[in-house]
Amino acid sequence: MPLWFVRGLRRGVVTTRYPGRPDSSAADLPTPPVFRPEALTRDLADRLCMTCPSWALIRTGDVLIFDAGACTACGRCREVAPEAVTASGEFELATTDPAHLVKRIPLLGEGAS
Amino acid sequence: MKLPDTGGTEGSPPGPSTDETAEELRRSVARQFGRSLHIRTLDTGSCAACEQEIRLLAAPHYDLHRLGFFFTPAPRHADLLMVTGPMIRAFDIAARKTYEAMPGPKLVVATGACALGGVYQPDAFTHGTVGETLPGDVLIPGCPPSPLALLQGLLVAVDRLAAKVQDLSFIQNGGAR
């Protein structure tokens with residue numbers, strides 16, 4: 001007998017309380033990255049853009065444009081630059097305005113400009 | 001055999017029916033539409049990961065029905081079109097026909113990174129984004145979006161639909177057309 005079935009019977013309720021209450025499984029979800037502008041340089045931004053497999057990152061001058069809608073949360077940018085990129089932990093990203101999903105990150109790292 | 005008590009865990013109130021937020025949302029949907037809200041899914045060339053997550057919404061853990069949402073196979077019964085995939089060009093006519101078959105007010109929910117312009121670039125075979133063919137009213141990022149993210153997207157969609165319902169003249173006129 002599967003363990004989840006026994007556990008479900010013992011605990012009674014298996015249904016999540018989301019959205020009324022946070023769900024514990026949310027902490028394990030892959031989430032889009034957040035960037036530290038102070039650690040980003042032009043070179044690093046270019047490397048991140050080349051690494052991204054889904055065209056979610058584009059550099060324009062001294063600004064890194066991140067499209068969270070196109071991001072697949074694969075984590076490759078975090079592997080390239082763990083000092084500059086971390087997981088956001090945000091999964092509630094649904095919106096009615098596409099502009100809300102596009103972030104403009106200034107490159108403030110040493111020698112960025 | 002005596003069934004176990006259906007009380008919640010860690011001191012939470014017993015039974016899913018006591019979840020006030022879910023109940024309030026269900027009532028809100030029923031108040032706005034006079035019934036529950038029905039979803040039609042449309043796969044326009046996705047890898048089926050999004051469909052797998054969407055299917056999980058009906059599983060006991062997420063139990064979409066407690067919120068007043070239901071899936072329907074017929075676009076004529078649907079209020080909400082949940083579109084996945086990068087919208088391949090071969091699907092243009094079918095997608096438009098599906099959208100036109102839906103009664104108003106209706107919404108299109110672009111689901112997943114493919115539908116939002118990631119993963120596939122526009123080429124001879126695909127538009128690369130749902131917005132090229134259908135109006136993307138609500139956007140749910142993720143590859144694939146988790147069922148929790150889909151739930152949040154549906155909540156955003158309900159607010160948007162509620163606004164559309166208010167815009168309809170026969171609602172404003174107390175039901176008179």
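Which residues does B:Leu81 touch, not counting residues up to four places away in sequence? In this predicted model, the partners of B:Leu81 are B:Arg40, B:Leu42, B:Thr98, B:Tyr99, B:Met102, B:Lys106, B:Val108 and B:Val109.

## The nonpolar core

B:Leu81 is also among the residues with the most contacts inside the largest nonpolar core, together with B:Leu80, B:Val83, B:Val109 and B:Ala110. This core has 67 residues. In soluble globular proteins, nonpolar side chains tend to be buried together.

From chain A, α2 and β3 each give two or more residues. The most is given by α4(B), with nine residues.

## Chain B: composition and sheet

Chain B contains five helices and five strands. Starting at the N terminus, its elements follow the order α-β-α-β-β-α-β-β-α-α. Of the 177 residues in chain B, 44% are buried. Among contacts in chain B with a separation of 6 or more, 78% involve residues 24 or more positions apart.

The five strands of the sheet in chain B are arranged as β2-β1-β3-β4-β5, in an open sheet with parallel pairing. From one strand to the next, the twist averages 30°. Three bridges link β1(B) to β2(B) in the parallel sense, and B:His38 stands opposite B:Phe70 in β2(B).

## Chain A: composition and extent

Chain A has three helices and five strands, and the pattern along its sequence is α-β-α-β-β-α-β-β. Its radius of gyration is 18 Å, whereas the globule rule gives 13 Å for 113 residues; chain A is therefore more spread out than a compact globule. Along the principal axes, the C-alpha atoms of chain A fill a box of roughly 60 × 30 × 20 Å.

Buried residues account for 29% of the 113 residues in chain A. Of the contacts in chain A between residues at least 6 apart in sequence, 75% join residues at least 24 apart.

## Chain A: sheet and hairpin

In chain A, three strands form an open sheet with the order β2-β3-β5 and antiparallel pairing. The edge strands are β2 and β5 (102-106) of chain A, each pairing on one side only. The twist averages 25° from one strand to the next. Helix α2 (residues 42-51) of chain A lies across β2 and β3 of chain A, and runs at about 145° to β2(A).

The antiparallel strands β2 (residues 57-60) and β3 (residues 63-67) of chain A are joined by four bridges, and A:Arg59 has A:Leu64 as its bridge partner in β3(A). Two residues lie between the strands of this hairpin, in which A:Gly61 takes a positive phi near 65°. On the pairing of β3(A) with β5(A), five bridges join the two antiparallel strands. There, A:Ile65 stands opposite A:Arg104 in β5(A).

Is A:Asp67 buried or exposed? A:Asp67 counts as buried because 22 C-beta neighbours lie inside 10 Å, and the threshold for burial is 20 or more. This residue belongs to strand β3 of chain A. Apart from neighbours within four places in sequence, A:Asp67 is in contact with A:Ala56, A:Leu101 and A:Val102. A:Ala87 is 20 residues away from A:Asp67 along the chain, and their C-alpha atoms are separated by 15 Å.

## The contact between the chains

How many residues does each chain bring to the contact? Chain B provides 38 residues and chain A provides 32 residues. On the side of chain B that touches chain A, α1 (20-33), β5 (138-140) and α4 (147-167) of chain B each supply at least two residues. The most comes from α4(B), with eight residues. By class, the residues of this side of chain B divide into 18 nonpolar, 13 polar and seven charged.

Key:
Residues numbered from 1 in each chain as written. Chains lettered and ligands numbered in written order. Predicted model: local features only at pLDDT ≥ 70, side-chain atom pairs only at ≥ 80, totals over all residues. Contact = placed C-beta atoms within 7 Å. Nonpolar A, V, L, I, M, F, W, Y, C, P; charged D, E, K, R; others polar. Pairing = 2+ DSSP bridges. Axes fitted to C-alpha atoms, helices over the stretch in contact; angles between N-to-C directions. Buried ≥ 20, exposed ≤ 12 C-beta atoms within 10 Å, placed from the backbone. Core = buried A, V, L, I, M, F, W, Y, C linked by C-beta atoms within 7 Å. Rg over C-alpha atoms; globule rule 2.2 N^0.38 Å.
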